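Trainee: Please put the model up, and let us work through it with questions and answers.

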Amino acid sequence: MTQATGAQALFRALETVGVQHVFGIPGGAILPAYDPLIDSSIRHILCRHEQGAAHAADGYAQASGKVGVCMATSGPGATNLITGLASSYMDSIPVVAITGQVPRPAIGFDAFQESDVTGISMPVTKHNWLVMHPEDIAQTIAEAFHVASTGRPGPVLVDIPKDVLQATFDYRDPGKIDLPGYQPVTRPNQRQIVEAAKLIAAAERPLIYAGGGIIKAGASDELLKLAELTGIHVITTLMARGCMPDTHPLCLGMPGMHGSYTAVTSMQRADLLIAIGPRFDDRVTGKLATFAPEAKVIHADIDPAEIGKNRKADVPIVGDAKAVLLELIKAVEAQFEKNGRPDYSAWSAQLDAWRRQYPYRYTQSPDAVLKPEFAIERIGELTQGNGIYVAGVGQHQMWASQYIKFQRPRTWINSGGLGAMGFGVPAAMGAKVAMPDKEVWCIDGDGCFQMTCQELATMTVEKIPVKIAIINNAYLGMVRQWQQLFYNERYSEVEFGWDVPDYVKLAEAYGCIGLRVESPDEVDSAIEKARGIEDHPVVIDFRCDPREMCYPMVPAGTSNDDIILGPEYDREEIEQVKAAHTDTLYDDDPDPDLAPAEE
Amino acid sequence: MKHTISVLVENKPGVLARVSGLFARRGFNIHSLAVGTTESPDISRMTIVVDLPERPLEHVTKQLYKLINVLKVIELEPASCVERELMLVKVRATPDARAQIIELVEVFRAKIVDVGTDAMTVEVSGSPDKLHAFEDLVGDRIIELVKTGRIALSRGSRSIKDRALRVAG
């Protein structure tokens with residue numbers, strides 16, 4: 001036993017669980033923790049806003065698979081973390097937030113910078129702790145990392161009063177983790193696996209619906225193996241982009257509100273959805289009652305509460321995606337051996353025909369205003385999909401997901417569930433800290449960028465050379481798109497303007513390199529120039545066409561069958577799609593039991 | 001539809017807030033909630049009556065199991081459990097009305113726990129239906145009343161802890 005302060009115990013515990021980086025900002029109540037930090041092996045990245053620290057921890061975790069750590073003081077410091085924690089919670093990202101709290105005797109008396117942080121963060125964390133004794137710090141930190149990183153990953157928060165950090169006590173290493181109420185099931189039930197394999201063998205139009213769970217479980221190889229073994233096509237949700245190479249012939253890309261025609265329609269026509277780690281989000285299903293009306297559903301998830309939440313599962317499987325896929329591969333092989341391989345060729349031919357007929361489309365004329373899709377697509381092409389691509393939230397995020405050809409898991413990072421604007425810049429910073437040898441590109445919107453661009457200072461000072469492509473369309477583009485489509489083109493409070501701020505000057509003021517691109521012919525040279533700069537963050541102001549819309553689109557609350565292809569398609573093609581969806585899509589009436597009524 | 005569930009939780013600060021917060025944010029309607037310690041000092045037991053017009057009870061139990069402090073959740077079917085509630089009710093009882101109230105108290109096997117010059121406090125325990133019946137009969141004599149919320153145990157010799165903790169995160 002050795003004497004230690006609570007703060008020393010905190011850092012010893014963090015080092016013990018292998019923490020290398022912490023994103024944070026000091027303040028009154030957390031001050032004692034910043035003293036032993038000086039002697040610690042842990043690198044602290046001094047952020048400019050706690051929201052930046054929280055998003056950075058998220059980006060760090062998404063890029064590396066490790067637990068991201070952020071630290072803030074009590075009251076406003078802690079409340080500023082909340083948006084980031086909420087995003088990590090929705091996307092199941094392992095993050096540990098450590099917050100200072102006012103001293104124990106002051107708790108509950110509205111002390112200066114006091115806030116009930118465990119109360120505030122309860123709905124947006126997997127669990128949280130208020131540590132009331134210095135002896136409990138090390139054990140709590142060990143538990144916090146265990147809970148954050150196992151089962152369905154997620155953010156947790158550890159709140160420590162200032163006097164607990166200051167107290168001196170006999171330090172003891174944490175003991176065994178004993179959480180009787182937390183025992184995630186990772187191994188799938190064998191009977192359900194066999195049932196699933198039978199459905200796969202009996203299906204005519206199967207589809208693998210790959211969700212974020214694949215990436216969390218590190219199950220990309222197993223996914224590929226199942227797809228290739230069966231010849232079943234894969235759609236990759238926004239949180240699963242990159243879990244299968246977009247260039248693979250069996251990869252159909254993103255489904256959902258702005259997904260590809262083929263991915264959206266294949267779900268509507270499938271007779272079997274093999275869902276591994278998605279959560280049937282409303283942005284994917286569209287109107288739930290008409291979603292995938294002919295499909296039986298195999299739903300595998302590590303969180304039992306996701307199964308049957310939105311869509312009834314015919315075969316529910318609780319388990320880790322990797323374990324599920326490994327077992328499923330074995331069971332399917334056995335099934336094929338016994339009953340022969342099913343013939344999906346007609347279905348595959350149909351999918352390929354759709355892919356040829358209805359790809360993502362835009363038109364960039366050389367002498368016309370720059371199209372955002374072009375800038376984004378060129379970033380993807382010139383980096384050959386070898387970078388890490390981080391997005392904010394909005395049109396640019398959807399275009400990035402549509403036009404970048406992802407090759408590997410953990411190379412696409414975004415705030416999918418919460419949709420937190422401002423996520424991009426700090427998350428890219430976190431990703432670069434985690435993966436310093438990777439080329440990290442933040443594809444951001446002008447609206448998003450202005451919410452968290454203060455972290456440019458952090459990147460310059462801490463030498464974190466991220467490349468930021470602002471898709472500057474002078475508007476809150478997605479909001480403008482909705483106002484154009486659903487509010488009779490009555491534009492209300494959406495125009496930001498191209499010129500304020502001057503993004504190049506802003507970048508330079510923060511010590512970054514600023515570039516501006518105003519026409520399509522400048523795109524490649526700017527990207528190449530940015531790629532050549534390795535000692536500074538680079539900001540490129542891509543001045544894009546404000547009128548460009550993001551298509552295809554399934555308007556909110558409507559059926560996936562009502563997908564809008566957009567103006568790039570001529571009337572004849574659109575009529576063909578409409579006819580296909582109304583006349584021949586369903587041979588029989590959809591089974592009403594399969595789709596619960598929408599609330 | 002109303003369901004009665006028993007929830008074993010770790011006896012730690014904030015657990016009630018975690019459970020009630022979960023019900024609130026998921027839109028699960030709590031009809032009644034009673035909580036107290038159990039035979040083990042570090043475990044508390046909640047009896048929750050939840051009203052779910054449109055969703056299966058499974059949605060509630062799965063969400064409860066996601067809380068780290070929740071150890072066990074079971075549903076108590078009305079046919080195979082005993083349900084009780086305790087009520088204290090203060091009634092206007094001027095001397096001329098006392099006899100009538102005392103008669104009611106006897107019929108309901110209730111207890112008079114306080115008598116004042118013009119009021120009496122009655123302790124009634126039993127099934128929720130019995131309490132309702134007493135309330136109806138006393139009617140507008142009621143000055144104020146308080147209930148514990150429902151508690152319940154399954155019939156027979158089995159305990160909530162007999163089955164292994166089926167816990168998932």
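Trainee: Which radius of gyration does chain A have, against that of a compact globule of 599 residues?
Mentor: The radius of gyration is taken over C-alpha atoms, and the globule rule is 2.2 Å times the number of residues to the power 0.38. With 599 residues, that rule puts a compact globule near 25 Å, and the value for chain A agrees: 25 Å.

Trainee: How far can the model be trusted, and what is the mean pLDDT of chain A?
Mentor: This is a predicted model, in which local features need pLDDT of at least 70, side-chain atom pairs count only at pLDDT 80 or more, and totals for chains, interfaces and linings use all residues. Residues are numbered from 1 along each chain as its sequence is written, while chains are lettered from A and ligands numbered from 1 in the order in which they are written. pLDDT is the predictor's confidence in each residue, from 0 to 100. In chain A 97% of the residues reach 70 or more, and the mean is 96.

Trainee: Over which residues of chain A does pLDDT stay under 50?
Mentor: Two residues are in contact if their C-beta atoms, placed from the backbone, lie within 7 Å. For the stretch in question the model has 15 contacts beyond four places in sequence, and the stretch is residues 588-599.

Trainee: How many helices and strands does chain A have?
Mentor: Helices (H or I, at least four residues) and strands (E, at least two) are DSSP runs, numbered from the N terminus. The C-alpha atoms of chain A fill a box of roughly 75 × 60 × 40 Å along the principal axes. Within chain A the secondary structure comes to 23 helices and 20 strands.

Trainee: What is the strand order in the open sheet of chain A that includes β9?
Mentor: Two strands pair if DSSP finds at least two bridges between them. This sheet has six strands with parallel pairing, and β11 (251-253) and β14 (315-318) of chain A are its edge strands, each pairing on one side only. The order is β11-β10-β9-β12-β13-β14.

Trainee: Which helix packs on that sheet, touching β9, β12, β13 and β14 of chain A?
Mentor: Axes are lines fitted to C-alpha atoms, for helices over the stretch in contact, and angles run from 0 to 180 degrees between N-to-C directions. The direction of the helix makes about 135° with that of β14(A), and the helix is α8 (residues 190-202) of chain A.

Trainee: Which residue stands opposite A:Leu272 in β13(A)?
Mentor: Strand β12 (residues 272-276) of chain A runs parallel to β13(A), and five bridges join them. Opposite A:Leu272 stands A:Lys296.

Trainee: At what angle do α1 and α6 of chain A cross?
Mentor: α1 (residues 6-16) meets α6 (residues 137-149) through residues including A:Ala9 and A:Ala13 on one side and A:Ile141 on the other. The axes come within 8 Å, and they cross at roughly 30°.

Trainee: Which prolines of chain A follow a cis peptide bond?
Mentor: One such bond, with omega about 0°, joins A:Val500 to A:Pro501, which lies in the loop between α20 (477-486) and α21 (503-509) of chain A.

Trainee: Which element of chain B gives the largest share of the side that touches chain A?
Mentor: The contact takes 19 residues from chain B and 20 residues from chain A. On chain B, α1 (15-26), α2 (57-66) and β4 (70-76) each supply at least two residues. The largest share is five residues, and it comes from α2(B).

Trainee: How many helices and strands does chain B have?
Mentor: The C-alpha atoms of chain B fill a box of roughly 60 × 35 × 35 Å along the principal axes. Along the sequence, the pattern is β-α-β-β-α-β-β-α-β-β-α-β-β, and the secondary structure comes to four helices and nine strands.
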